[in-house]
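Have the structure on screen as you read, and take the points in order.

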Amino acid sequence: MDQGIMIRKQKASFTLFFLFLLVTMANYYIYIGFAIKPYLIFSFLYLLVHISSFYFQRLHGFEVAMLIFYLMYSFTGAFALYPSASIRILLGIILYIACYFIIKSIIGRTNNWTIERAIADAGVLFNTLSLILYLIGLQRLGFDFEGDRIYEWGVMLDRNYPRLIGVLQDPNYFVFYNTLFFCYFLCHSKSMKNKMGLLLCILTNLLTFSRGGLLVLLIILCLYILKDKPLKRIKLLAGMVVSLSAAVYLAVFYMKLDLFSILGSRIEDLAEDGGSGRLELWGRAWDFFVSNKYLGIGAYNFPEYNSFQYGDSLQVHNTFLEILSESGLIGISCFGVFILTVFMQLIQSKLYRNKPYLLLVFFGIILQMGFLSIIINDMFFLYLAILSTYLHNERNKNQINQRGAVIYPVHSAEKMNRR
């Protein structure tokens with residue numbers, strides 16, 4: 001292969017890996033009313049350097065539905081009681097959508113193999129860094145877990161639980177960000193690197209002690225096993241159990257971290273704390289929706305209403321209820337069409353069969369929307385940009401196959417005539 005082409009491919013591969021890694025570094029940002037994260041800065045710098053070669057790919061159906069949803073959601077801010085909050089989310093949406101198209105352009109310059117290699121490399125490094133930060137944090141705390149909302153490196157003490165946050169800010173969002181890597185490693189576990197990546201994913205996810213996140217990953221694991229011929233997955237499961245047992249043994253006997261006791265306590269707390277107060281927040285969101293059924297209370301107005309009426313500014317921690325309360329039936333209908341279109345395109349393109357990890361990530365994201373607020377989120381947009389590139393590559397491949405099918409019969413007919 002020409003050396004120039006080889007160097008360009010290596011640059012593209014490293015750029016993609018670096019971009020994916022930066023998306024996971026959500027804890028490191030510059031705050032100017034909203035967080036300017038490292039990958040946002042990188043994306044816009046990349047655009048400035050490559051402005052002459054930047055181009056828009058044809059939009060897929062789910063991208064049109066996505067733009068309509070965000071347009072409608074932002075529009076509800078025109079009737080909001082707190083317009084400054086709506087303007088703030090509007091600026092955030094514009095920034096994230098612009099960055100989405102830049103990221104899509106960067107990913108679109110590569111092929112499927114390069115994308116998957118970047119996911120594997122970024123996944124291993126993301127989990128390794130997070131685990132190292134967690135261990136440093138535990139050491140700095142002197143393995144004393146008394147405290148609440150105390151942050152030390154990669155640890156957050158949450159009601160006396162040492163929860164892993166790694167390079168992120170919240171243990172629940174850590175599981176959400178890790179879903180892409182977990183599903184990829186699960187579906188590509190033949191190589192030693194991917195096996196190690198899967199083990200790291202399971203270990204870091206366990207250390208978050210996120211009840212909802214771990215439940216979702218368990219569901220994904222069951223779906224993967226039941227997908228085809230479950231007996232074939234026994235070897236993988238056995239390997240996971242043995243490797244995980246070794247890791248738990250090290251944690252319990254050498255680090256004095258009683259994982260089983262902590263997990264048991266977290267589950268017992270569920271009946272007392274109502275999912276860390278989520279049930280109460282969901283009830284408030286429903287009440288706001290009932291009083292404003294069609295257009296809701298306005299984009300990003302739930303925290304303001306919640307603060308005024310109940311004295312706290314927490315978000316709903318449920319994306320569906322958040323959209324329903326803030327943009328009413330019109331907003332949730334647009335969101336439903338958007339999500340349904342993503343699912344339909346996964347099925348129609350046969351990516352659910354050729355790249356099953358994409359479908360598992362989709363299920364993981366939808367399930368975690370049930371207890372997280374992710375109307376605009378870095379990893380969600382990264383997943384959509386990756387999916388868009390796969391769909392684009394599939395369409396190109398089908399077009400080439402169709403052209404080949406047309407040319408081949410013509411050539412065959414010519415040969416027959418010559419005979």
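1. Start with the side chains of Ser388 and Glu63, which are joined by a polar contact of 3.1 Å. Ser388 has another such partner: its side chain makes a polar contact with the side chain of Lys104, at 3.4 Å. Keep in mind that this is a predicted model.

2. Where does Ser388 sit? Look in helix α15, which covers residues 378–418. With a relative accessible area of 0%, Ser388 is buried, because anything under 20% counts that way. Setting aside neighbours within four places in sequence, Ser388 is in contact with His60, Phe62, Glu63, Tyr100 and Lys104.

3. Now the nonpolar packing. The largest nonpolar core has 122 residues. Which residues have the most contacts inside it? They are Phe20, Phe338, Tyr357, Leu384 and Ile386. Take Phe20: leaving out neighbours within four places in sequence, Phe20 is in contact with Ile107, Ile115, Ala118, Ile119, Ala122, Leu382 and Ile386. There is also a second, separate core of ten residues, and Phe289, Phe302, Val316 and Leu321 are among them.

4. On to the rings. How many aromatic pairs does a search of the whole structure find? The count is 30. One to click on is Phe69 with Phe335: the ring centres are 5.0 Å apart and the planes are at 55 degrees, so this pair is tilted. Phe69 belongs to helix α3 (residues 61–75) and Phe335 to helix α12 (residues 319–348), so the pair ties together parts that are 266 residues apart in sequence.

5. Are Phe69 and Phe335 buried or exposed? Phe69 is buried, at a relative accessible area of 1%. Phe335 counts as buried too, at 3% relative accessibility.

6. Tyr184 and Phe185 are both buried.

7. Phe69 and Phe335 also belong to one aromatic cluster, together with Tyr70, Tyr73, Tyr96, Tyr100, Phe101, Phe320, Phe338, Phe380 and Phe381.

8. Last stop: which residue lies over the face of Tyr310? Arg284 does, at 4.2 Å from the ring centre.

How values were computed
Residues numbered from 1 in each chain as written. Predicted model: local features only at pLDDT ≥ 70, side-chain atom pairs only at ≥ 80, totals over all residues. Heavy atoms only, no water. Helix = DSSP H or I, 4+ residues; strand = E, 2+ residues; numbered from the N terminus. Buried < 20%, exposed > 50% of the residue type's maximum accessible area, 1.4 Å probe, protein only. Polar contact = N/O pair within 3.5 Å; in protein donor to acceptor, adjacent residues only side chain to side chain. Contact = heavy atoms within 4.5 Å. Core = buried A, V, L, I, M, F, W, Y, C linked by side-chain atoms within 4.5 Å. Phe/Tyr/Trp six-rings, centres within 6.5 Å; stacked < 30°, edge-to-face > 60°. Lys NZ or Arg CZ within 6 Å of the ring centre and 35° of its normal.
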